[in-house]
Amino acid sequence: MDLFLLKKVIGLLLMPVNLILLLLLFALIFYKVKPGLSFKCLVLGFFTLLLSSLPPVADKMMAPIESQYEAFRRSSKPVDYIVILGCSHSNDDALPAIAQLEYCSLQRLAEAVRIYKLHPEATLVSTGSAVTQGTTNAEKVRQAAISLGIPEHKVINENNARDTEEEAELVAPRVRGKHMVLVTNADHMPRAMAYFKAQGLNPTPAPAAFWVKGEQQNKEWHYYFPHAKTLVQSTRAWYESLGQLALWFKSLI
């Protein structure tokens, strides 16, 4: 198993849902031999699931991550490149390209198109490889961008990057010395900026798809109840927190 795949596997195992499932599994395994330990695993699994599914808790986790960068406004100087970091899609030729994009890629593309409308002098750069066989994420996003009216000659691909660090390394030679806008999800932006700054770049951040929106006071009653969508938000906040921790450890080596 290569280092990239090992990193992905460890990351998945440390996600809230998998931790909860492991705790419930241990509760079943130790039910007869160690009932006390079994009960503790069950209680811990329950409260982990409950807290991860509560919107107030998820917002508290996510807000410090997303608040580091504000939404993009029209720039006072021309934009040379709008770099869209890769995410994911499903290859299905029966669907138009835009329908093959997963939410994260669709959200990033929508923000990039919005910025392009403000700065039509810019060129879009879509990044991201194919995790499995098929069209790369960069190419699929390019196809979707063209279908939304972006001129074909205004969208270019960087197909070979598997993660954010590789995307920064691959894009850096093209955009160095240029005014570049970096588009990714708001929760991913702090880590993405760190990788691009490590390449000697200083991109203008353009975070997309904020989880935490509006005033957190005076919410409606259902805001305080568990929700499946909130579990996704908690997972993203946990994932990005682990990613930033890994970056910190890497900087010490």
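How many bridges join strand β4 to β5? Five bridges do so, and the two strands, of which β4 spans residues 180-185, run parallel.

## Basis of the model

This is a predicted model, in which local features need pLDDT of at least 70 and side-chain atom pairs count only at pLDDT 80 or more, while totals for chains, interfaces and linings use all residues. Residues are numbered from 1 along each chain as its sequence is written, and side-chain values use heavy atoms, with hydrogens and water left out.

## The sheet

An open sheet is formed by five strands in the order β3-β2-β1-β4-β5, with parallel pairing. Strands (E, at least two residues) and helices (H or I, at least four) are DSSP runs numbered from the N terminus; two strands pair if DSSP finds at least two bridges between them. β3 (155-158) and β5 (204-208) are the edge strands, each pairing on one side only. On average, neighbouring strands are turned by 25 degrees against each other, direction ignored. Asn185 stands opposite Ala208 in β5.

Helix α6 (residues 103-118) lies across β1 (81-84), β2 (123-127), β4 and β5, and runs at about 150 degrees to β4. Axes are lines fitted to C-alpha atoms, for helices over the stretch in contact (heavy atoms within 4.5 Å), and angles run from 0 to 180 degrees between N-to-C directions.

## Nonpolar cores

A nonpolar core is a set of buried Ala, Val, Leu, Ile, Met, Phe, Trp, Tyr and Cys residues joined through side-chain atoms within 4.5 Å. Buried means under 20% relative accessible area, exposed over 50%, and partly exposed in between (1.4 Å probe, protein chains only). The largest core has 21 residues, and Ile82, Leu109, Ile115, Leu124, Val181 and Val183 have the most contacts inside it. At least two residues each come from β1, α6, α7 (137-147) and β4; α6 gives the largest share, five residues. A second, separate core of 18 residues includes Tyr81, Val125, Ala192 and Phe196.

Not counting residues up to four places away in sequence, Arg191 touches Tyr239, Glu240, Gly243, Gln244 and Leu247.

Rings of Phe, Tyr and Trp (its six-membered ring) pair if their centres lie within 6.5 Å; planes under 30 degrees apart count as stacked, over 60 as edge-to-face and the rest as tilted. The count comes to five aromatic pairs. Trp221 and Phe225 form an edge-to-face pair, because their ring centres are 5.7 Å apart and their planes stand at 90 degrees. Trp221 is exposed at 62% relative accessibility, and Phe225 is partly exposed at 48%.
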